[in-house]
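Have a go at each task before you read its solution.

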Amino acid sequence: MTQSFPVLPLRDIVVFPQMIVPLFVGRDKSVAALESAMAADKQIFLVSQLDPAEDDPDRDALYDMGVIATVLQLLKLPDGTVRVLVEGQRRAALQAIRGEGKHLVADVELVDVDEPEGAEVAALMRSVVEQFENYSKLNKKLPAETAVQLGQIEEPSRLGDAVAGNINIKVSDKQALLAELNAVRRLEMVFAFMEGELGVLQVEKRIRSRVKRQMEKTQREYYLNEQLKAIQRELGNEGEEGEGDELAELSRKIAKTKLSKEARTKATSELKKLKAMAPMSAEATVSRNYLDVLLGLPWGKKSKVKKDIQQAQAILDEDHYGLEKVKDRIVEYLAVQARTNKLKGPILCLVGPPGVGKTSLGRSIAKATGREFVRQSLGGVRDEAEIRGHRRTYIGSLPGKIVSNLRKAGTSNPLFLLDEIDKLGQDFRGDPASALLEVLDPEQNSRFQDHYLEIDYDLSDVMFVTTANTMDMPQPLLDRMEIIRLEGYTEDEKVEIAIRHLIPKQIESHGLKEGELTFTEEGLRALIRHYTREAGVRTLEREIAKVARKALRQILEGKAEKIALTSDNVADFAGVRRFRHGVSEEEDQIGAVTGLAWTEVGGELLTIEAVTVPGKGQIKTTGKLGEVMQESVQAAFSFVKARSPSYGVKPSIFGRKDIHVHLPEGAVPKDGPSAGVGMVTAIISTLTAIPVRRDVAMTGEVTLRGRVLAIGGLKEKLLAALRGGIKTVLIPQENEKDLVEIPATIRDGLEIVPVAHVDEVLRRALAAPVEPIDWSEADELAAVPQPDLGEVPLRH
């Protein structure tokens, strides 16, 4: 049966049957509808809007199910709105809406709801009531008596409506409950909605409890701090600040520290801000940490630099054997400082293979100059902030390593060792090598600015020493440093270092008593020759430690009281020999040449092999050669082709034979042009079948004209030759000037022959002289034009 009622569209609320709700009405049509209802039987149709923002809803903007309600009270407010109290009566389905005067009228059809019975319904009702009790305990907005009132309701449909009206869920979910005519199904839906709301309310309760505890803790700490300050003031002179007052302590530090004008202004400003802040606030912690860093720097504190040149030389000689060039540079620096009393700290870069004492030398320089020693390893550093620090806007910001280490040193003129500077990384966080440009420039570092401090700090009194294994660094960084090369040690130097430093250190660290373990010089040399092949002494120290361990075990087991390491028993302690010492080949071989190579860990012997195979005059290279070395092989082959008759090689052989050049240890990459003379010698040896002398090694770049050009790493290459038992080394004549810097022990142990042309190399390296071809007698060569050799004379 269809009936008509004035309609009141509702925003953000759903009214259920038996539910009394106050409403505020402001729209003209809604007010008119209420007045029409009051004039009649006080019955009005309440229905919710789909969109609460809609001011003039039509049929499509309203839900299908609403409630017939009775207007209990109506009160007009001064602002024109109407406060009305309504009570829902029964459900009604909206059929149509039409305008009637100033308000809307709805044609509705009343809907009846069944009231099911039975044990299952009773159990469900009891569960809903219990669940609502739990819900009401967590939801503080519900009155305590609401749960009691709901427990007295006996009709399932009315219970479902009452619970739905009191729980806090979305309008669309409440409308779904209103539209559900099955009372059991409605109770189940209400139970499910309460289950979800209970989970949310429990989380809210936990959050509230946690926040409350934190606030209580903060308030308690604040209260206790205030009490503590009051007690401290009472213990001191009344009216004056106590000794424990942190702000007073900071103020005294600022007054006592010899800050720069800029730093004092900054510190005073930060202290003023700190006084205005709450003591336990995050901003106060940031300001306090900043003042701690700023006042912890060694403003105006300097250690007394030693100026006694003889004493400094003695300290350097005591700590390190050899390394004369570095020692001379340090003593020269001290001499200048002794005379002038002021010298901007020099920036030295010690470049050399691992284990030659670069890092320990930095410590010795600090000891000799009387400076505090600070070391910072730069290996793997990829973030610019590691050098310059983080800006204070970031949480957990810290000053850079430069400032941090100066605080640790406690003086403004320490020796700062930047270790492994060639291992700096670079990624999206910045380039730390570029950040070091300012630090390592004596003209700029007097006004070094850390991002954290935001003020200038003078680094000009700091003596920076850097270490690196290679020169593989950005050019601007290299330009700011004075490069000092540390080459590898000779065998005699290693023996001396072992006797002076390594053996006493290992005997002490292993708990051996004096005289229990001794090393003869022959035994030590055997250990160096057959168990180590390195530029430094790290492996040697490990081998000595190995001998010490085995010796200690034998002594503790009672097998011996004293042990002496000799060349005869070295294998019992160090194991099987790892390296051969002496000439690598037992006899002179055809096409096998000993070359010399430079690596990051020192010099190495490099075997170059060549053979001829049937072919069409091509050259093949193997051994993982780099592009430069492959071009060097091509140049050597072209030179041999051009000069072949002069070396007794018939040009026709190149039409029948291929040359294969191989460098053993094929897994190791090799590159560089300095093996050129070795390539030429190996190719001519295999073509002429003349063996190459096994005790000769050579190095040098070769040109197409046969000239031998200069190479680098001469000392390391000569050391490798000496270690390998080579007797004669052929070097480019242009490198003869570098022999002055080669230690006398190397020069005396080798016959070093400077050469300017390939002909000189062949005269020394080949076991027999080459016989040139007589052009007038060689019929097969008649059609071959004699090569144009330019100004280079033929040497036989």
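**Exercise 1.** What volume does the largest pocket have, in Å³? Then find out which residues and elements line the largest pocket.

*Solution.* Keep in mind that this is a predicted model.

Step 1. Start with the space itself: the volume of the largest pocket is about 870 Å³.

Step 2. The lining consists of 34 residues, and Ala597, Glu604, Leu605, Leu606 and Glu665 are the closest to the centre of the pocket.

Step 3. Move on to the elements. Strand E16 (592-599), strand E17 (602-614) and helix H23 (714-723) each give two or more residues to the lining. E17 gives the most, with 6 residues.

Step 4. Finish by sorting the lining by class: 14 residues are nonpolar, 10 are polar and 10 are charged.

**Exercise 2.** Find helices H11 and H12 and work out how their axes are arranged: are they roughly parallel or roughly antiparallel?

*Solution.* 

Step 1. Locate H11 at residues 324-340 and H12 at residues 358-369. Their axes come within 11 Å and cross at roughly 30°.

Step 2. Angles under 35 degrees count as roughly parallel, so H11 and H12 are roughly parallel to each other.

Step 3. Check the handedness: the crossing of H11 past H12 is right-handed.

Step 4. Pick out the residues that touch. H11 uses Val326, Ile330, Tyr333 and Leu334, while H12 uses Leu361, Ile365, Ala368 and Thr369.

Step 5. Sort this contact by class, and you get 7 nonpolar residues, 1 polar residue and no charged ones.

Technical notes. Residues numbered from 1 in each chain as written. Predicted model: local features only at pLDDT ≥ 70, side-chain atom pairs only at ≥ 80, totals over all residues. Heavy atoms only, no water. Axes fitted to C-alpha atoms, helices over the stretch in contact; angles between N-to-C directions. Helix = DSSP H or I, 4+ residues; strand = E, 2+ residues; numbered from the N terminus. Parallel < 35°, antiparallel > 145°, perpendicular 65-115°, else oblique. Left-handed = near helix turned anticlockwise from the far one by under 90°. Contact = heavy atoms within 4.5 Å. Nonpolar A, V, L, I, M, F, W, Y, C, P; charged D, E, K, R; others polar. 1 Å grid on protein atoms, 1.4 Å probe; cavity = no way out; pocket = protein on both sides within 12 Å on 5 of 7 lines; lining within 4 Å. Points joined across faces, edges and corners; volume = space filled by probe spheres on them.
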